[in-house]
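Student: I would like to go through this structure and ask what stands behind the words used for it.
Tutor: Then put the questions one at a time.

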Amino acid sequence: MIDFYLNGQRQSGVEVPPDTSVLELLRTRLGKTGTKEGCASGDCGACTVTIGEPNADGELEYRTANACITPAHQLQGCHLVTVEGLARGDALHPAQAAMVECHASQCGFCTPGIVMSLFTLHENQRRTPAPLTQARLEQALGGNLCRCTGYRPIRDAALTMGDYPDTHPSWADDPGLAVDVGKQRQAAPAELAGQGHFSAPRDLAALRRLKAERPQARLVAGATDLWLETTQQLKALDDLIDVRRVAELNEIDATDDGWWIGAAVPLSRLEPLLEEAYPAFAHLLHRFASQQIRNRATLGGNIANASPIGDSPPVLLALEARLLLDGPDGERELPLGDFFLDYKKTALADNEFIRGIFLPRPAADQNLKVWKLSKRREDDISAVLAAFAWRLEEGVMRDVRLAFGGMAAIPRRVPRTEAALEGQAPSLEAFAAAKAALDQELSPMSDVRGSAEYRKLAAANLLERLRLMIDTTHNDTKVTLDAYAH
């Protein structure tokens, strides 16, 4: 049973099995069919909804989410807004009015999701006014695909929302809504009654106890990957432990040496930290996930998933990140490089979980470059991802750390290639030796995203790109990069 608010109206005692998605709940249980199912994998954005959760000040903060892969039980103590809840009678919300006037819809299937992304952008703009730059528009709409309208009229609608009367839904006039949602959230039980087994512990001690009792239970945070098992593979997810509200897993603790990032911290919360400490890493976030995904996906989940083409592990390997594992038998710390054992196999014991990720502070002269190759610019899976960290000291490379995704059964560093560059000037000869070592060090796979031959050539070319960027002996050398390279 879950209690939440839907378009300002309280929903009490809604019974849902653990593997029910928000989309399924809306369309089949609550009769709200404005939200559409497109890909059922979080790629197209047709199912975009907005979820309001109380912040530290007790105000509701609204963020977009893909309803198709958001667990319905995570609506407990939230305010869910759908396209049916935006208009005020016959008066359209500015996001809706602008879409109509700019002729930004044709078949209309994707339109509800686009409207919800624009609604959330409009809400954020009301709270914190700022210029609607191209980067902000791409950030807000990068997770919404439209195959028939084209994006110019949608962009026009986004840019002109502010020109319309600020018509807002009637629920926005309720001063007690945020308080009521907050009370609902505080009263949320750790065990939700209903079909299957679902738990939502609030602290580390409770999570340890649950892992001791049910070591085979699946952990769920953002569910952006786990939920594909039910939408794409039709597997049952009937024994879940939700870690999103475990207090210790939601902290970011700064130390003199770096930051401990809780495993349940959403990627969108990390963006300000990464923008300041590692801009290249922050830039990557906008390439491997949409805003809807970043609002829910976690660094801990991207690591625990242990995919050879996961986008954050190569960067974290190049930065020499560490993990804190925890469980009923106690905690232990290990380098991230020791966590990945084989394809989809990790050092986690059955009763363990990732508690936090340690991100070291960058040295004053440290450099980081991250390049991703994929078929689609936004919201796509990597064919190859390279993360290169180094310092340049008196003309030679020091502390060289090179890591790749998509080039082996696990994301990994290439120590022989690193050794070929360590202590060397960034010369043709040094990089030729590095490319020769790389050719021997990795045996990539062939799949629909690229052949083994393509991946080897691409990885070597990325090393060459690195040389051209840091070789100061040829000042006339120009490197052409696309707008999304960093």
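Tutor: This is a predicted model. A place to begin is the open sheet of three strands, ordered 6-8-7, in which the pairing is parallel.

Student: Why are strand 6 and strand 7 said to stand at the edges?
Tutor: Strand 6 (197–199) and strand 7 (218–220) each have a single partner strand, so one side of each is left without a neighbour in the sheet. On average, neighbouring strands of this sheet are turned by 25° against each other, direction ignored.

Student: What makes strand 7 and strand 8 a pair?
Tutor: A pair needs at least two bridges. Strand 7 and strand 8 (residues 239–242) are joined by three bridges and run parallel. V220 has D242 as its bridge partner in strand 8.

Student: What packs on this sheet?
Tutor: Helix 7 (residues 204–213) does, touching strand 6, strand 7 and strand 8. The direction of helix 7 makes about 165° with that of strand 8.

Student: Which helix packs against helix 10, and at what angle?
Tutor: Helix 9 (residues 267–277) does, at an angle of about 145° and with the axes 6 Å apart. The residues in contact include L267, L274 and A277 of helix 9 and F281, L285 and F288 of helix 10. By class, this contact has eight nonpolar, one polar and three charged residues.

Student: Why are helix 3 and helix 4 called oblique?
Tutor: The axes of helix 3 (residues 111–127) and helix 4 (residues 134–141) cross at roughly 130° and come within 9 Å. An angle from 65 to 115 degrees would be roughly perpendicular and one over 145 roughly antiparallel. The angle here falls between those ranges, and the helices are therefore oblique to each other. The crossing is right-handed.

Student: Which residues make that contact?
Tutor: On helix 3 they are I114, S117, L118, L121 and Q125, and on helix 4 they are R136, L137, A140 and L141. Six of these residues are nonpolar, two are polar and one is charged.

Student: What makes strand 4 largely enclosed?
Tutor: Five of the seven residues of strand 4 (residues 60–66) are buried, so the rest of the structure largely encloses that strand. Strand 4 pairs with strand 3 (residues 48–54) in the antiparallel sense over seven bridges, and T50 stands opposite T64. Strand 3 and strand 4 form a hairpin with five residues between them. In the turn, G58 has a positive phi of about 85°.

Student: Why is S290 called buried?
Tutor: Buried means under 20% relative accessible area. S290 has 3%, so S290 is buried. S290 sits in the loop between helix 10 and helix 11 (291–294). Not counting residues up to four places away in sequence, S290 touches N66, G142, G143 and D379.

Student: And why is D43 called partly exposed?
Tutor: Partly exposed is the range between buried, under 20%, and exposed, over 50%. D43 has 32% relative accessibility, so D43 counts as partly exposed. D43 lies in the loop between helix 1 (22–29) and strand 3. Leaving aside neighbours within four places in sequence, D43 is in contact with G143, L145 and D379.

Notes
Residues numbered from 1 in each chain as written. Predicted model: local features only at pLDDT ≥ 70, side-chain atom pairs only at ≥ 80, totals over all residues. Heavy atoms only, no water. Buried < 20%, exposed > 50% of the residue type's maximum accessible area, 1.4 Å probe, protein only. Helix = DSSP H or I, 4+ residues; strand = E, 2+ residues; numbered from the N terminus. Axes fitted to C-alpha atoms, helices over the stretch in contact; angles between N-to-C directions. Parallel < 35°, antiparallel > 145°, perpendicular 65-115°, else oblique. Left-handed = near helix turned anticlockwise from the far one by under 90°. Contact = heavy atoms within 4.5 Å. Nonpolar A, V, L, I, M, F, W, Y, C, P; charged D, E, K, R; others polar.
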